[in-house]
Amino acid sequence: SFGLFCERLASSGVMATLDAAAPVTVFAPTDLAIQSYELTRGPYDAAAVSRCIVQGSIPSSAVGSSALTTITNEALTYSRKFRKDFVNDVIVGEKTFGPFDDFPIDVQCDNGFIHSVGQCIEPL
């Protein structure tokens, strides 16, 4: 679920800046990821929310070959390890095992894409 991300997006004021930044790609952390972040690091504020939103409409197939610059002009780093795609050492669209659902990727929206991540993206 991404309810907490949506709440923090609105309460931090970042939502208001998205129209001007369109198109964008969002690496949306799960509720559990945000809860863990807030428990160990403090509030999931505007800086943390903005770190999850990059300029441009980037499908998962192009994450590795695209410039990943956040809406606050912070560069994120792509890497490929263990047959998985990472952004700042966070797996993009993690595949799960057994009866569990995979984390969704390539959710197309009016102004770009959403890819889920199981951890909050932090500076390297």
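A residue is called buried when its relative accessible area is under 20%, exposed when that area is over 50%, and partly exposed in between, with a 1.4 Å probe and protein chains only. Cys120, at 8% relative accessibility, is therefore buried. The structure described here is a predicted model, in which local features need pLDDT of at least 70 and side-chain atom pairs count only at pLDDT 80 or more, while totals for chains, interfaces and linings use all residues. Residues are numbered from 1 along each chain as its sequence is written, and side-chain values use heavy atoms, with hydrogens and water left out.

**The sheet and its strands**

- Helices (H or I, at least four residues) and strands (E, at least two) are DSSP runs, numbered from the N terminus.
- An open sheet is formed by three strands in the order β3-β4-β5, with antiparallel pairing; two strands pair if DSSP finds at least two bridges between them.
- The edges of this sheet are β3 (78-81) and β5 (90-91), each of which has a single partner strand, so one side of each has no neighbour in the sheet.
- Strands of a sheet pair through backbone hydrogen bonds, in either a parallel or an antiparallel manner.
- Two bridges join β4 (residues 84-87) to β5 in the antiparallel sense, and Val87 has Val90 of β5 as its bridge partner.

**The loop between β3 and β4**

- Phe82 lies in the loop between β3 and β4, and Arg83 is placed in the loop between β3 and β4 as well.
- Phe82 has a phi near 55°, a positive value in a residue other than glycine.
- For Arg83, phi is near 60°, again a positive value in a residue other than glycine.
- Phe82 is exposed, with a relative accessible area of 70%, and Arg83 is exposed with a relative accessible area of 76%.
- The charged end of Lys81 sits over the ring of Phe86, 4.8 Å from its centre; this description requires NZ of Lys or CZ of Arg to be within 6 Å of the ring centre and within 35 degrees of the ring normal.

**Nonpolar cores**

- A nonpolar core is a set of buried Ala, Val, Leu, Ile, Met, Phe, Trp, Tyr and Cys residues joined through side-chain atoms within 4.5 Å.
- The largest such core has 17 residues, and those with the most contacts inside it are Phe5, Leu9, Tyr44, Val49 and Ile53.
- Two or more residues of this core come from each of α1 (3-11), β1 (24-29), α3 (31-40) and α4 (46-50).
- Another core, of twelve residues, lies apart from it and includes Ala62, Leu68, Val87 and Val117.

**Tyr44 and the aromatic pair**

- Tyr44 is buried at 4% relative accessibility.
- Not counting residues up to four places away in sequence, Tyr44 touches residues including Phe5, Arg8, Pro29, Ile34, Val49 and Cys120, where contact means heavy atoms within 4.5 Å.
- Rings of Phe, Tyr and Trp (its six-membered ring) pair if their centres lie within 6.5 Å, and planes under 30 degrees apart count as stacked, over 60 as edge-to-face and the rest as tilted.
- By this rule the structure has one aromatic pair.
- The ring centres of Tyr37 and Tyr44 are 5.1 Å apart and their planes stand at 90°, so this pair is edge-to-face.
- Tyr37, at 12% relative accessibility, is buried.

- Ser50 lies in helix α4 and is buried at 7% relative accessibility.
- Leaving out residues up to four places away in sequence, Ser50 touches Val14, Thr70, Ile71 and Thr72.
- Val54 belongs to strand β2 and is buried at 0% relative accessibility.
- Among the residues that Val54 touches, not counting those up to four places away in sequence, are Val24, Phe27, Leu68 and Leu76.
- Val54 and Leu76 are 22 residues apart along the chain, and their C-alpha atoms are separated by 8.6 Å.
- Ser60, in the loop between β2 (53-55) and β3, is buried with a relative accessible area of 19%.
- Beyond its neighbours within four places in sequence, Ser60 is in contact with Ile105, Asp106 and His115.

**Cysteines**

- The whole structure contains zero disulfides, a disulfide being a pair of cysteine sulfur atoms within 2.5 Å.
- Cys109 has its closest cysteine sulfur in Cys6, 10.0 Å from its own sulfur and too far for a bond.
- Cys109 is partly exposed, with a relative accessible area of 29%.
- Cys120 is in no disulfide, and the nearest cysteine sulfur, that of Cys52, is 6.3 Å away.
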